[in-house]
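Welcome, and please load the model in your viewer. We will go from stop to stop, selecting residues as we go.

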Amino acid sequence: MLRRPEYRKALVFCGLIGVPVALIAFWFLVTLNRLERLFWTEWPKDLGWNQAPWWWGFPLLLVAGVVVGLVVARFPGQGGHLPAAGLHSGGVTKEALPGVLVAALVGLPLGVVLGPEAPLIALGGGLALLFASFVRAPHTEASTALLGAAGAAAAISALFGNPLVGAVLLMEVAGVGGPQLFAVMLPVLLSSGVGDLVFTGFVHWTGLQTGSLDIGLPKPPPLDWADVLWVLLIAPALAFLIHWIFVVGRYTARFVTSWTVRNTTLCALGVAGCTALYAVATGRTPAEVALSGESTLAKLAQDAHAWSVGALVAVLAFKGLAYALCLGSLRGGPVFPSLFLGGAAGALLAPLPGLGLVPAMAAGMAASVTAALRLPVSSAVLVVLLLGNVDTVALVVLAAVMSFALTQLLPQRPAVPAFSGPPTGRAPRRGR
């Protein structure tokens, strides 16, 4: 294939478009971060509060619901794909870029419980196709798919700060290899995780050495059988929870299609209600339920003891419900809310005998994000990257495989409804 001139030209072009796409993705993420801090941290303090008051989410999410509803009803591409359908890269067009940008830049910083990864995939793919049209590159089905995937990978790598995550994620999202990929990768991933557990166990028990790539960084306490046994219980439970959050999200999507703008706004106000109830019940900021949870997850990992058991239970309940509403009505990606829910569940369960915070959060995040994405390899790589701790890789792999297997066996109904509403924002009622 490398001997073919057209492939070499496509390879060079994909490398070149990575530069402007990454720069635009960088400023897109910076803008989202600045707006989030402005709306949820700086404005409340400027008005005299130490943190956002309990009712703060209502006006913000009202605006988010109306704007996103109008984008879905009237813009080409409907602001991107529905998050309840998971994460995928197909159907990206340059005509959809304005709607994707408006829905993301308005909805996400105003408190929508979704992440920026889906808009970034659409943004990267759409920009790549836009640049290709500027230089009048040959337009075929294969070249469109290749350029879209390359642009999306460049954009998503800017989010995760690692090209390996972007490449692996887009390979699984784009379905390279089809169902055969999962049929081969799942047993391979499981076997490698079990092999690592056994190998690590024998090194620990016998004290013998086989050579190591360790360069001397400090390590947490070694894994033991209690960690493994708890993962066997935690991973299926969290996979089941996230699966049913997505089921509620798909029912929400059916509700939204009957009258897009009105029902999207109602769902956004329902999210605001979740933030308010959490703030009233715990005395903490409603921002911990609103937004994607990316920054809150870092705070939780660094100081889990600052959260009481009641606060962790409340954030799991209210953020889980808000996440389900957003999955079926608003626009964004499903990655970071699922990571946060898994991390919060891990922090809640960490005091169990023989477990501990690091293995509990590792297993929780791996199980949750795998159940949300149905991408076991990408999920494992992402969680390992976030943890920065190679000693938990085996637990991460085990949790990801168990979560993927369970969610594939659970009922997948209802299907995500298609939407093709008229310009008025009304859509035909659907019986499916």
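Helices here are DSSP runs of H or I with at least four residues, numbered from the N terminus. With that in hand, note that you are looking at a predicted model.

**Stop 1: the end of H14**

Select Gly 388, which follows H14 and has a positive phi, near 60 degrees. Now step back into the helix itself, H14 (376-387). Does its length fit its residue count, or what do the ends say? The 12 residues of H14 should span 16 Å at 1.5 Å a residue, and the end C-alpha atoms lie 17 Å apart, which agrees. Colour Pro 376, Val 377, Ser 378, Ser 379, Ala 380, Leu 382 and Val 383 next: these residues of H14 are buried.

**Stop 2**

Move to Arg 374, in the loop between helix H13 (357-373) and H14. Its phi is positive, about 60 degrees, although Arg 374 is not a glycine. Is this residue buried or exposed? Arg 374 has a relative accessible area of 18%, so it falls under the 20% cut-off and is buried.

Then jump to Gln 78, in the loop between helix H2 (57-74) and helix H3 (97-107). Gln 78 is another residue other than glycine with a positive phi, here near 55 degrees. Its relative accessibility is 24%, so Gln 78 counts as partly exposed.

**Stop 2: the salt bridge**

How many salt bridges does the structure hold? There is one. Select Glu 288 and Arg 284 to see the pair, with the closest N and O atoms 2.9 Å apart. Glu 288 is buried, at a relative accessible area of 10%.

**Stop 3: the second largest pocket**

Finally, show the second largest pocket, with a volume of about 730 Å³.

Definitions and conventions. Residues are numbered from 1 along each chain as its sequence is written. This is a predicted model: local features need pLDDT of at least 70, side-chain atom pairs count only at pLDDT 80 or more; totals for chains, interfaces and linings use all residues. Side-chain values use heavy atoms; hydrogens and water are left out. On a 1 Å grid over the protein atoms alone, a cavity is a set of points where a 1.4 Å probe fits but cannot get out, and a pocket is an open set with protein on both sides within 12 Å along at least five of seven lines; lining residues have an atom within 4 Å of a point. Grid points are joined across faces, edges and corners, and a volume is the space filled by probe spheres set on the points. A salt bridge is a side-chain nitrogen of Lys or Arg within 4 Å of a carboxyl oxygen of Asp or Glu. Buried means under 20% relative accessible area, exposed over 50%, partly exposed in between (1.4 Å probe, protein chains only). Helices (H or I, at least four residues) and strands (E, at least two) are DSSP runs, numbered from the N terminus. The expected span of a helix is 1.5 Å times one less than its number of residues.
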